Each structure stands twice: as C-alpha cells, then as structure tokens.
Amino acid sequence: MPGLKSTPKSVLLTAALLVLIGLGLALPGLYLITLGDTPYYAAAGAITLLSGILLAFSRREALWLYALMLLGTLAWVISRVGLDGWRMIPPLAFPAGIGLWVFGPWVGGKLSNPLHRARLNTAVIGGMSACVLLFAFMFGCGWFITATRYNEPNLFPTQKLASGVPGADAEAKNDWRFYGGTPAGDRFGTPTQINAENAHNLKPAWVFHSGDLLRAGENSRGREFSFEATPIKVADKLYFCTPHRDVVALDATTGKQIWRYTPNGEYGKNIYQACRGVSYFEAPADQPCPHRIISTDSGSPPTLFALDAETGKLCEGFGDHGMVDLRQDMGEMPPGFHFITSPPMVIHNRIMLSGWVYDNQTVDEPSGVIRGFDATTGKLAWGWDIGHNPANRPLTPNEIFTRGTPNGWGVYTADPSLNLVYVPLGIATPDYFGGRRRDFDEKYDSSLVALDITTGEERWHFQTTHHDVWDFDIPVGPSLVDLPDAQGRLTPVLVQTTKQGELFVLDRRTGKPFYRVEEHKVPGGDTPGEHYSPTQPISSEMPNLRSHDMDIDQLWGMTPFDQMVCRIRFKTARYQGLFTPPSFQGTIGFPAFDGVADWYGGSIDPIHGVMYINTTFIPFMMTLYHHDDAIKKGLFKPWQGWGHPYPEPAFDNNPQHGLPYAAVIKPWLGPFGAPCLAPPWGKTQAIDLVHHRLIWERPLGTTKNIGPNNGLRLPVALPTGIFSMGGILNLPNGLIFMGATADQGFRVLDGHNGRILYETELDAGGNATPMTYIGKDNRQYVVLAVGGHGGLKTRNSDEIVAFALPK
C-alpha cells in the first residue's frame, strides 16, 4: 500500500475532507439510530469515512466506495420520497457535488497515473458524468413534482349569484375607497379591460418613488420595515401611507405627486415600521374640510388625524387642530408598546380602530379596547372594552380602559346595511401561557366580534381558537359575500380566514355557522399551572388551507448535515400535529404565529362565490423556559415594571414578564439557515364557496431572490413554490393579480384554472395587495406597493408601480 508521503497534496486534502464528512454524518447518524430513525446517515458516513482513508493512501478503491455511497444514497432517497426531486436535494446534491471533485482529473485522475499527474480517462469521465446525471435527474424530478402539484380537482362554477356587494356603490363610481375595495373586504375590482387574451402585454405605466426607505437598525434583531400599503382611490387621486407614516396623494393616471403630509413621529421604539393604508370620509356638506383622509401616526405619541383630501392640510375642526391623542384613557403606554399598522374602518360617521400591542412582553400591557370616534369631530363616541359590563359603557371619571385585553390590530370589514363592523381579535398578551387569564379574556381571545357601528354594542361573537396558546389571533377581518342556502335562497354570510388555515363561514347577521363547525379533540400538555382546551373548532364542511401534517421524510435542508439535524430535532421535540401546545422540550408549531394566511386575507369573487388566497407553510419551534432560567441564560434582561426603562429583547425571545414562563419562538431552520420542511413552501388556492370545495391549487413562486440579505440571494429560479406575504386582487372576468411571493414576482393568473398569463420580476418585494381602476385616459391600471417585507427578507424599496396595457 502506498504511504501517505507519496500521496499528492490535492488528494490528501480531499481525503481529509471525506474523513471529516464521514465523521460528521456517522456520529450524529448513530445517535439518530438510537432515536428510532433511519440508519442511512450512519452508513453513508461510514462508507465516506472509509473512502477518505483509502484515498489518503492513493487507493483507487476509494473511488469505488464513494460511487457505492452515491448509488446507495440514490436508492435510499427514492425509497423514501419517490420522485420528489426537491426532497432529493439534501441527501444527494452535496455528495454529488463533492463527487465531481473526487472523480475529477485533479483527484481521481491522479490515482491512475504513476507520476500523480492530473489526467482525463474513462474512469474520470464516467464518474463525473454520473454526478452530472444525478443533478439532472434530481432537478428534472423537481420540475416534474411541481407540475403534479398543480392540482385542478373541480371546475370553476358557471352559475352566477344574483348578489350585490355590501358597500359597492363606490366601485360603481370607479373608486377604491376602502382597503379591500369595499367595506366587504372582497378585493374585487370591476374593470375588465385587462383580460386573459391581452394580459401578457402588461407593462409598468408609471413608477412613483416615495423616498421613504429603510433606516438604520430597522431590519435587525427581529425588527421589520415593510411597505404593505394598498392605495385607495377617490375621484382622480390615489392616497396611501409609507412605512414611516407619510400620507401621499398622487394623480391616479400619471402617478405624479399632488401633496404629501409628514407627521414626523418618533418611531425608534416600534418593532414594525408598516402602514397598510389610509381611509376616506365624506363629512356633511356644511362642514369645513368635507373630503377627508383619515390616518394614524404610529410614533410617540400615537395619534389619529384627518387631512383635507384636496390639499393635505390638517382638518382644524377634527380633534385638537386635526389630531386625536390615542393615549387618552389608556394608562401607561410607553413608546413602542401600542401603535397602529392597519387603516381604520371609516363608515357611518364612525372611525373604528384598536391597535397593535407589543406581544409577549409582560402582563398588564395597554388595553386592546376597540374605539369608535365621531368622524366629523374626532370625539370618542364609544369604547368596546370586554373588562366592563356592558362592554360599551362610558368610562367614569379617572377610569381607564381595562389593561391587557385582546386587541384588534388587523383590517376591519363592515356591512353598512346591517350597521355592523366585524373586528378580528387577538389574545390577551402574553400569548404562550394562559394559566392566569381572566374569564373575559378566555371568552373573547381569538374571536370575531360584530359591533354596532353607531353605539359599539356587541351583536355577537364567534371564537376561532379556544384558550389560544399558539398566537392564532385573527389577523384580518372577514370577507363578506351572499351565498345560497340549501333551498337556494341567498344568505348574507362572511368568510373568516385564520392563521391555522380554517375557513369559517358564518351568517353575518347572527354569527351562527352557515357551514357546519365541529369541535375536534386536540392534544393536551403538561406545563405546570397551564390548562388546555380539550377541543378546538374545525370548519368541517370547508376545505382547510393547511398542508398535511409533517412526517419525518418531509424534513429538509440544503445538505445531509442540516437535514440530519432537523430529523434529530423532530425526534426529540414535541409534535402531534395542529394544536400541539408549547413545551419545555420544544414544540414544532405547524402552522405557527405567521400562519397559513396572515394580515392580507382572501379575495372574493362575489359573482361566482369563489375565494382566492395565498398560503404559506413555515414551521416554527416553540420552547418554554422558566422565567428565572431564561434570565440566567441571557435570553433577556430583568425588568422592574412600568415606570422603568424597558430592556427590549431579541425578537425571538418573549419574556412574558409577570408569568412563570418565557418563550422562545423562531422559524425552524437547519444549521445552514435552510427550512427544516421540504417544499412547497407556498401555494395559491381557489375555493368554491358555494359547493365548499377546492377548485385548483398550485405551488407558486421560485427560489430566485431568496436569501437573508441583498448580498446573499439565490440567482436560480427553482419552481418549488415559495413563501408569500400579501394579498390578491380579482376581477369579474376571472383574472387574479398578485405580487406577494418572496421571489419578487408579479403575476397575473387565470382564476378559472390557475394558469399563469403574465409574470415579471419586480425591483423589490411586492408584499402588499394590488388594487385597480380606470384612469382619466380610459386605461385600466393595476397598482401595487413594491417595497419589500422585513420579515420575509425581500428587497426593500419605496415604489408604487402602476401596470397597464400599452396605449
């Protein structure tokens, strides 16, 4: 046997690499066997280790052993995942890539040359060709599996519903006066100039740059800068807000700025820099400032303000010279603990809002009270506070709203004919331990509540999650639509999307289920002091939006090492499917607080009774710690309570001060930052609401532009189906528009079957919801905020982009 001294350096270094790879697979692989999982990693590691040792002594058998390992890997992976090419990547791509070097002329070629010179021979060509073929086979199977996941089990409904849309009078005027188009939250545009035959001709007609860009520190430590705004349109103007709360008016046809209002708030303490939109109000004709833009400043202090829609000046007769201080009657409200990201619901002379509360920091946080202000004067008309009885009673002198109640941070919807506003509620923070919640918290956490617009009196509420310890708060109000009952009579209903992927369809007059809701048994837990709901509501007659429960062969990673780590964690963590509660050993949350669907909600075609929605599949790891142990571990610093400076922790670390346990909630990723769950990571789905069934679904989006920062983004567009954050616009002719995917794509799809009609790459993430209208030049415009999303890590920018057909 040749000695080590006679081995060329390149071969010796390669041998050392194989030894390290072999050890890195074999040792954890042995531990994985003790957990009851596959012996593959230990075996592949042992063979690679032996191959490295033989290579160190210039033995050609090393190449045969490595080839045997590759062949065994191929056989094993096909036996476990079939022809799913994306799931082949972790065990196969890394060793095949190493194989190109091992079999190459600079290593394998030297073994057959007495002088150890690099040479090209049959063995080299065969070995390298086999590795190339493995890549071709793997990615070919990937494209194939994506095609099979484009699923169209049912036809698009042909029957039209003889129904109007609540509050659709504005659309008849070619306006888009609400965040969702109408107060019904349908995101349904009436123009049909763009259709399936000409959509491929779309081009950007104009681009407006707001100048509001990311500031230092705003996309770090869990903080997020996101441009999520959907503009509204009134007459010939567009109105929107920037992440730092500037309100801008543009000419709707040319995109030229008309005016701009800058609140100049202090935003340094806010975790999120985001503003989803502004609202519009027509005051009585005898009032000054009759046409108003209503918005909020999320700085310190948070304020509600009214602007003249024509000039951008504050409406002096509203509140205190145009402003209302939202700290009133709220008690302690340090900067960053309460601010507003969603546009208020403005209808019937009421401005209705709550706010985002800094989740999971402490008990006794600011109130989640829902407040209704007189839209003409700015005076408080009512406050709906579940800690009071009745909840809408006026405060007594020196009284404040009940601290720490569930808040309503998402966009609201309303039915003007019923005089009802529909408010999606969160959880009495902190979220991940509920052992000390009050009775009224338990009653209303994660519920949809219908309030009288004029008085704030509750008409009904419906709870979507009992004793929520997962942060399954309702992130957006429902979409309203009229659907036929069993006798064919149209019934006013609503469709409530949820983070856990349930679609609850309720009679919007009463809150009673229109389609059956059942209580299903769910896993319990063993955290001392906690209690668990034995059942959870499931919308059993509607398709749910979730991916199926995980199994171990769906675990992923870019290499066999991080896939193996994910498998070990899967075996040692707690996972019993949906509603597995947080635990000290670590619980896999799938879905988790980011949800299957989030703040953007669904899009409704009210003519055919169809819903379109983007869905995302990202598992999280949820781990509880004893509070004092978490401080000792340095997860966060102790805090003495209100009146003392708050030591802001890293975003993943949730102190839950005042409770016995802290929680660490983070995306479940492998050591190299790749998801522990195999693709698809995102889909777009179409649901027939009349026949309550799936029409079509498809993975949408590629791996291009995915990465943690602008310096490290994938240039390759693998069609895996990717994460998304943003909503869908749909038209009566069936077209749907979206720019939500993390690959920065903007797409037009045929809503009848999911076929892509047009796609282009944006300058940044289009992580907002589009809107549409006809301009003064008689062209249909589709407008989207293109500014990225801090949580999704898409590129940030400051663009409003209008697409149209060529003149």
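Both cysteine 289 and cysteine 315 are buried (under 20% relative accessible area; over 50% is exposed, and in between is partly exposed; 1.4 Å probe, protein chains only). A disulfide joins cysteine 289 to cysteine 315. Here a disulfide is a pair of cysteine sulfur atoms within 2.5 Å. Cysteine 289 sits in the loop between strand 8 and strand 9 (291-297), and cysteine 315 in the loop between strand 10 (303-308) and strand 11 (323-325), so the link ties together parts 26 residues apart in sequence. Strands (E, at least two residues) and helices (H or I, at least four) are DSSP runs, numbered from the N terminus.

This is a predicted model, in which local features need pLDDT of at least 70 and side-chain atom pairs count only at pLDDT 80 or more, while totals for chains, interfaces and linings use all residues. Residues are numbered from 1 along each chain as its sequence is written, and side-chain values use heavy atoms, with hydrogens and water left out.

**The disulfides**

The count comes to three disulfides. They follow the pattern 1-2, 3-4, 5-6, with bonded cysteines counted along the chain.

| Disulfide | S to S distance |
|---|---|
| cysteine 241 to cysteine 275 | 2.0 Å |
| cysteine 289 to cysteine 315 | 1.9 Å |
| cysteine 566 to cysteine 676 | 1.9 Å |

**Cysteine 241 and cysteine 275**

The link of cysteine 241 and cysteine 275 is left-handed, with -95 degrees about the S-S bond. The pair connects distant parts of the chain, 34 residues apart. Cysteine 241 is in strand 4 (residues 237-241). Cysteine 275 is in the loop between strand 7 (272-273) and strand 8 (279-282). Cysteine 241 is buried, at a relative accessible area of 0%. Cysteine 275 is buried too, at 1%.

**Cysteine 566 and cysteine 676**

The torsion about the S-S bond of cysteine 566 and cysteine 676 is about -65 degrees, so this disulfide is left-handed. The pair links distant parts of the chain, 110 residues apart. Cysteine 566 belongs to helix 9 (residues 560-572). Cysteine 676 lies in the loop between strand 32 (661-667) and strand 33 (682-688). Both cysteine 566 and cysteine 676 are buried.

**Cysteine 131 and cysteine 141**

For cysteine 131, the closest cysteine sulfur is in cysteine 141, 16 Å away, and that is too far for a bond. Cysteine 141 is in no disulfide. Cysteine 131 counts as buried because its relative accessibility is 1%. Cysteine 141 also counts as buried, at 8% relative accessibility.
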